[in-house]
Structure formats: structure tokens, C-alpha cells
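Hi,

Here is the structure I promised to pass along. Have a look first, and my notes follow below.

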Amino acid sequence: MEDYSKFKQQARAIYRMMLLVLFFMIITAAGVLYLVYNPDLGSFRSTAPDSEYVEVEAPEEDDFDKIVDGIHQRTGLVDAEGLMAVVNNCTNCHSAQLVTQNRMNRERWFTTIKWMQETQNLWDLGKNEEIIVNYLVTNYPVEKKGRRANLKDIQWYDYQE
Amino acid sequence: MERRKFVKRSVLGSLSAALGMDIVYGIKMPEGYTPLVLQDPDPYTLFRKDKQMVLLNDRPWNMEAQAHLLDDPVTPEKFMFIRNNGLVPENIDVENWTLTIDGEAVRQKKVYSLSDLKSKFPVHTYQLTLECGGNGRNEFDPPAKGNQWTVGAVSCAEWTGIHLADLLEDVGMTTEAIYVGYHAADIHLSRDPNKEPISRGIPIAKAMQKETLLAFAMNGKDIPLVHGHPLRLVAGGWPASTSGKWLNRLSIRNQVHDGAKMTGTSYRVPCNTVAPGEKVKDEDMCIIESMPVKSLITHPKSGAVISNGKSLKIRGHAWAGELEVSKVEYSLDFGATWNACRTNPPANRLAWQRFEATVVFPKKGYYELWSRATDSSGMGQPMVLPGWNPKGYLNNACHRIAVKVS
């Protein structure tokens with residue numbers, strides 16, 4: 001009899017432990033589910049910024065190549081035929097600002113591309129080369145400046161000594 | 001997944017998306033560390049620059065001043081132009097930073113730590129003019145390739161370091177030595193570790209000048225990161241590209257150094273003058289050495305409106321590469337007549353010089369105030385663009401500001 005009651009006692013202890021384990025499993029599962037459906041941990045986040053993490057503006061996934069007023073927002077390039085060939089081939093190493101600052105004719109763009117291929121690790125552009133150069137000479141044409149241009153964009157202000 | 005890792009992964013995800021590439025070993029990035037490219041996407045905060053500086057290029061970083069920002073006798077960090085050919089080095093370990101001296105014409109290869117350099121040699125301070133070879137490029141016609149600098153790629157800061165000559169003497173050169181070429185820690189735009197963004201240099205004669213420094217401080221503080229921390233060659237009066245930043249190796253060459261941007265058309269002009277737009281073969285291009293005479297009106301800012309009958313005090317800086325400026329003049333009539341400015345001597349050789357004048361306008365109207373400096377050899381600034389060259393270097397045409405008298 002003594003053995004029987006001891007066994008019963010042990011069985012009860014195991015039963016209680018099992019219940020406890022089950023309870024924690026349910027809690028954990030609920031937590032995991034919450035994480036899955038609320039990946040930004042919305043309701044847990046405190047309002048104060050967490051200094052451990054640097055705020056990075058996540059690009060709106062759908063319009064990574066958003067165009068506003070005819071300008072490709074990510075690069076500043078004019079939206080025209082050949083835009084994406086330029087974006088994909090000409091903004092990997094350097095910024096598009098280096099492209100738009102420069103005004104060259106067809107011949108000099110071809111020479112520049114060749115120089116980048118020979119010395120700067122630019123890949124073979126294939127039939128994109130023609131598309132890219134057409135885009136550049138059409139949208140960023142050479143401007144005549146002469147031997148000395150007029151002063152431009154003067155911001156007038158009342159001079160105070 | 002732990003919350004921290006989870007959040008980190010999602011931040012990494014957006015980082016990767018913003019960069020358009022995966023961050024290799026991203027998950028191993030230390031807590032609180034963000035890659036340099038995104039540490040602060042605002043270059044003005046990142047590099048401590050004044051908001052009036054003009055950003056020309058964000059990869060690589062290139063930024064210039066406007067004329068009126070360069071009014072200080074010694075250019076402060078916030079107004080100093082940034083010219084980078086590659087990417088700023090990412091992990092600078094000052095404690096273990098070394099400078100290796102090698103090359104065909106070195107007696108024996110030697111390695112110095114930063115503290116060796118700072119403690120073994122006498123330390124000197126000079127104000128040195130550094131101007132980008134392409135300053136003024138935007139005016140050339142037909143346009144020249146590269147960053148379209150206007151007038152602001154020039155500075156005169158106070159540099160502190162050791163004489164390069166002292167170091168070369170300590171190392172020992174053979175009689176074959178012709179050129180000192182620099183190598184540095186910056187990263188090629190393509191991130192190809194076998195490529196150097198820029199590796200230029202100077203002939204031995206320039207290296208031996210006492211103003212040629214291996215500098216570790218600028219304006220009394222450690223050199224700012226974007227200007228070459230922790231070690232920079234400073235060769236005043238020459239194209240600023242000879243003043244290599246983030247130096248980790250100097251090669252004593254038995255030939256003209258042939259590193260990146262030493263050859264082809266880089267920092268070279270036609271040996272013989274050419275017509276605008278003319279093609280020039282590489283072998284007919286000569287390396288730029290001393291920069292030409294030039295001046296900048298730094299006060300007032302262009303666009304000043306003053307009342308008739310009032311005089312206007314103007315001032316600016318003038319410099320002449322290896323030479324000294326002997327006089328500066330101003331004109332109110334597009335160069336028809338010129339008037340003398342008071343011109344100060346330089347703080348030391350290769351520092352720019354202050355000029356000042358009090359200008360009286362004869363009547364109401366639109367004026368252009370032009371400045372023209374002349375160097376000690378009698379060479380002055382042209383009123384129109386100087387000789388066209390394929391890469392648009394050395395534009396030292398007279399500086400002009402607009403003034404209205406009403």
C-alpha cells in the first residue's frame with residue numbers, strides 16, 4: 001500500500017509538471033504567433049526611440065523606382081527612353097550626379113565608356129550602350145558657353161556693412 | 001528568435017534594400033554599428049560642413065565652397081572643399097596605422113608607426129594653399145569631363161606635420177630617386193581591392209621642399225576623416241591631388257610614378273596648346289605641377305545692392321602656386337581699367353595672400369567687380385578662359401562678382 005500511495009504521489013507530481021509545461025508552451029506559441037502577424041512589435045514598442053537601433057527610412061517597396069514630375073526619385077535622372085538602362089548600368093559605382101553634371105557629345109560618351117571599361121571595371125554594356133548614349137545626349141545635351149558666359153543665378157541682397 | 005536579432009534582421013533587410021545589395025556578414029555587424037554609407041546620409045552633418053557648401057557628387061563625395069565662404073584667412077574645416085576619387089576608408093585603426101616606405105630607389109624598406117613619425121622628427125606648421133586641378137572646370141567649352149567645380153575647390157588651412165624631407169633622409173634614397181608616389185587606404189568605387197582610386201605623387205625636388213609635409217593635424221586638431229585622417233601628404237601650390245589622403249605607403253621611384261591618375265589624361269594638360277575641342281594623344285599630355293596665379297573676391301558675396309554714393313570695401317585671397325603674388329587689381333569696367341588693391345605678404349611660402357580695396361562706383365547701374373592677380377614672374381590672370389584642355393584643368397580666369405548700385 002505504501003508503494004501504491006508513493007506511486008500515486010509521483011504520478012500527480014508528473015501530471016502537475018506536464019500541465020505547467022503545456023501552459024508555457026501555449027504562452028510561447030501565442031507569443032510566436034503574435035510576432036509573425038505583427039513583425040514590427042507594434043504594441044510592445046515604447047514611444048522613446050531605441051538608441052540601439054539606427055532609424056533607417058525603409059524605401060516603399062512598391063515604388064523603389066518612383067517617378068515624380070518626370071524625375072526618377074532615387075537617382076535624380078530625367079524619366080525618358082533608356083532611363084532604366086542608365087540607372088542599372090551607370091549608378092552602381094558612382095552617383096548619378098556624376099553623370100548629370102557632365103555634358104558630352106556621342107563620341108566623347110563612347111570614349112568615356114571605353115575608359116571606364118578599360119580602367120574602372122565597367123562591364124560590357126552590349127546593346128545597352130547605344131540606348132544609354134542616346135539617353136544622355138538627348139536629355140543632357142551639350143550647352144554652348146563661349147569663352148566667358150554671363151554671370152547667372154545672381155541672388156540680389158541689400159548690402160549692409 | 002530573440003527580439004534583438006529579429007529587429008536587427010529586419011533593419012538589415014531595409015538596409016540591404018536601400019543599398020540595393022546584400023550586406024555580407026551583416027548579421028555579424030556589432031550592435032549599434034551602421035555601415036559608413038548610411039551612418040548619416042546627410043554629408044553636411046557627417047563631414048561637419050556648412051549648409052552653404054555645394055554638393056557636387058555623393059558617390060564619391062565631392063563638395064565645394066562658394067567664394068564668400070572662403071573669407072577667413074585660414075580656412076576652417078566647415079568651408080573646406082571635399083574632393084574624393086574613391087570611397088572614404090571604413091575602419092581606421094590609428095593605434096596600428098603604419099607608413100611603409102618602399103620603391104626601387106629606397107636604400108631599404110622601412111615601416112613607421114604613427115607615433116614614430118610624431119616623436120622621431122621635428123614638427124612644423126604651415127598655412128598651405130590646396131586647390132583642385134579641376135577648380136573652374138564648369139566654364140570650359142566644349143565642356144570637360146568630371147566634377148563641374150566652379151570656384152570653391154580651394155582652401156588654405158594650417159597643416160601640422162613633419163618635413164617629408166626629414167623622413168626621406170632617415171630612410172635613405174639612392175641616386176636613382178626621381179619621384180615619390182603615394183598609396184592610401186581609400187577604396188576603389190568598384191570595391192575591387194586590387195584597384196587604387198588614386199595614387200599620385202611629386203618629384204624629389206618638390207618632396208625636399210621644407211613646406212612639403214607629412215601632416216597629421218589640420219587647424220590644430222587631428223585631420224578630419226574626409227580630409228585624410230590620420231596621415232596626409234601636403235604639397236602646397238600643386239594640384240591638391242598630389243596631397244594624398246589616408247597615406248599608408250610611399251614609394252621612392254626611379255621613374256615618374258605611374259600609379260592611378262598619374263597617366264593618360266588625368267591631371268595633365270596638352271604639352272602644346274590646342275584649339276577648343278581638339279583631340280590630344282595621351283603621349284602629348286604633360287603632368288601639371290605648380291598651379292597658376294589666381295584670385296577670389298571673398299567679400300562681399302556676389303549680388304550686393306548698395307546705395308549710390310556709398311563706397312564698398314572689398315577683400316579676397318590670391319595665390320600663385322609655387323610663386324608669390326606680387327600685385328592684385330580690380331576692375332569695374334570688364335577689364336578696361338584696373339585699380340590696385342592693398343596686397344599682404346603670405347603667412348609663409350605657399351600660403352594665400354589677403355588683398356583689400358575700397359571701391360567707389362561712378363554712378364547707378366549693374367557692375368561686375370573683377371579681380372586679377374599677377375605673380376612674381378609677371379604672369380597675370382586672363383580675363384577670358386585660359387587654354388582649353390580635354391579634362392578642364394587650370395581655369396584661372398579673373399574672378400567676377402555682381403554688384404548693383406541703386
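Before the notes, one term: helices are DSSP runs of H or I with at least four residues, numbered from the N terminus. Keep in mind, too, that this is a predicted model.

With that in hand, let's start in chain A. A:Thr112 sits in helix H4, which covers residues 106–119 of that chain. Is A:Thr112 buried or exposed? Its relative accessibility is 8%, so A:Thr112 counts as buried, the cut-off being under 20%. Setting aside residues up to four places away in sequence, A:Thr112 touches A:Met104 and B:Lys145.

Over in chain B, there's another threonine to look at. B:Thr242 is in the loop between strand E12 (232–234) and strand E13 (247–253). B:Thr242 is buried as well, at a relative accessible area of 1%. Apart from neighbours within four places in sequence, its contacts are B:Tyr182, B:Arg200, B:Gly201, B:Ile202, B:Leu233 and B:Ala235. B:Ser199 is 43 residues from B:Thr242 in sequence, yet their C-alpha atoms are 8.5 Å apart in space.

Then there's the second largest pocket, with a volume of about 1,500 Å³. Its lining has 43 residues, and those nearest the centre are A:Leu151, A:Lys152, A:Asp153, B:Asn138 and B:Thr150. By type, the lining splits into 15 nonpolar, 16 polar and 12 charged residues. Which strands of chain B each supply at least two lining residues? They are E1 (54–58), E16 (294–299) and E24 (399–405), and the largest share, 4 residues, comes from E16 of chain B.

Cheers

Methods
Residues are numbered from 1 along each chain as its sequence is written. Chains are lettered from A and ligands numbered from 1 in the order in which they are written. This is a predicted model: local features need pLDDT of at least 70, side-chain atom pairs count only at pLDDT 80 or more; totals for chains, interfaces and linings use all residues. Side-chain values use heavy atoms; hydrogens and water are left out. On a 1 Å grid over the protein atoms alone, a cavity is a set of points where a 1.4 Å probe fits but cannot get out, and a pocket is an open set with protein on both sides within 12 Å along at least five of seven lines; lining residues have an atom within 4 Å of a point. Grid points are joined across faces, edges and corners, and a volume is the space filled by probe spheres set on the points. Ala, Val, Leu, Ile, Met, Phe, Trp, Tyr, Cys and Pro count as nonpolar, Asp, Glu, Lys and Arg as charged, and the others, Gly among them, as polar. Buried means under 20% relative accessible area, exposed over 50%, partly exposed in between (1.4 Å probe, protein chains only). Contact means heavy atoms within 4.5 Å.
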